[in-house]
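Work through the following exercises with the coordinates loaded. Each task is followed by a solution in steps.

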Amino acid sequence: MKPFASRLETPAGPERSDADPTDRDGLALDRFLPYRLSVLANTVSRAIARLYADRFGITIPEWRVLAILGDHGPATSAEIRARTAMDKVQVSRAIQRLTASRLVSRRVDPADRRRASVAMTARGASVYREIVPLARSREAFLLDGFSEDERVQLDRLLDRLGARAGALAGPDDGETGGVD
């Protein structure tokens, strides 16, 4: 199989720009790290989504909400947004659909009625427990052929890259702040 970046190459032809992809002033999109990470993340997410979309009728954002709740317990929508980097609308819609399908419940904070906590229901926990082994098997497939040292190194590099991305993003712009 071709390496990931080479599968993104486009054929040369009249529709192609005159820009030389090796020109240092050009972008060379198939080698541009943010683009590659985005394509990789979308590809992996879609592959895993096929495991639960048909069987459980949930979307990628809904799965991410369930995964956060399964890993961390009840959370506010702001906490879910912060952990998933999804926008406010995606999280809100996912919570609404999960609530409608009785996979999560919302509980208003009696001390601050503007704030609500989201928790998995017993049904949601059951779905989560069924999906986790499927997702882990996809992860194992992706990492097959990597040595343990390479896996540890990849984990460290992703942590460092995540920290740098957080620094690049800068302080919270209010998207994940505010009251739930």
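**Exercise 1.** How are α2 and α4 oriented to each other: roughly parallel, roughly antiparallel, roughly perpendicular or oblique?

Solution. The model is a predicted one. Step one is the axes: those of α2 and α4 come within 9 Å and cross at roughly 80°. Step two is the class: angles of 65 to 115 degrees count as roughly perpendicular. Therefore α2 and α4 are roughly perpendicular to each other. Step three is the contact, to which α2 contributes Pro61, Glu62, Val65 and Leu66, and α4 contributes Gln90, Ala94, Ile95, Arg97 and Leu98.

**Exercise 2.** Repeat the analysis for α2 and α5: at what angle do the axes cross, and which residues meet?

Solution. The axes of this pair cross at roughly 100° and come within 10 Å. The angle falls in the range of 65 to 115 degrees, so α2 and α5 are roughly perpendicular to each other. On the α2 side the residues are Trp63, Leu66, Ala67, Gly70 and Asp71; on the α5 side they are Val127, Tyr128, Ile131 and Val132.

**Exercise 3.** Describe α2 by its span, its buried residues and what covers them.

Solution. Start with the span: the 13 residues of α2 reach 18 Å from first C-alpha to last, close to the 18 Å expected at 1.5 Å a residue. Next, list the residues under 20% relative accessible area: in α2, the buried ones are Pro61, Glu62, Trp63, Val65, Leu66, Ile68 and Leu69. Their cover includes the helices α1, α3, α4 and α5 and the strands β1 and β2. Finally, look just after the helix, where glycine 73 has a positive phi of about 85°.

**Exercise 4.** Which members of the largest nonpolar core touch the most other members, and which helix supplies the largest share?

Solution. The core holds 24 residues, and Tyr52, Ile58, Val65, Leu66 and Ile80 touch the most other members. At least two core residues come from each of α1 (33-56), α2 (60-72), α4 (88-100) and α5 (122-143). The largest share, five residues, belongs to α2. Then take isoleucine 80 and set aside neighbours within four places in sequence: its contacts are Val65, Ile68, Leu69, Ala75, Val91, Ile95 and Val118.

**Exercise 5.** How many bridges join β1 to β2, and through how many residues does the hairpin run?

Solution. The strands β1 (104-109) and β2 (112-120) run antiparallel and are joined by six bridges. The hairpin connects the strands through two residues.

Notes. Residues numbered from 1 in each chain as written. Predicted model: local features only at pLDDT ≥ 70, side-chain atom pairs only at ≥ 80, totals over all residues. Heavy atoms only, no water. Core = buried A, V, L, I, M, F, W, Y, C linked by side-chain atoms within 4.5 Å. Buried < 20%, exposed > 50% of the residue type's maximum accessible area, 1.4 Å probe, protein only. Helix = DSSP H or I, 4+ residues; strand = E, 2+ residues; numbered from the N terminus. Contact = heavy atoms within 4.5 Å. Expected span 1.5 Å × (residues − 1). Pairing = 2+ DSSP bridges. Axes fitted to C-alpha atoms, helices over the stretch in contact; angles between N-to-C directions. Parallel < 35°, antiparallel > 145°, perpendicular 65-115°, else oblique.
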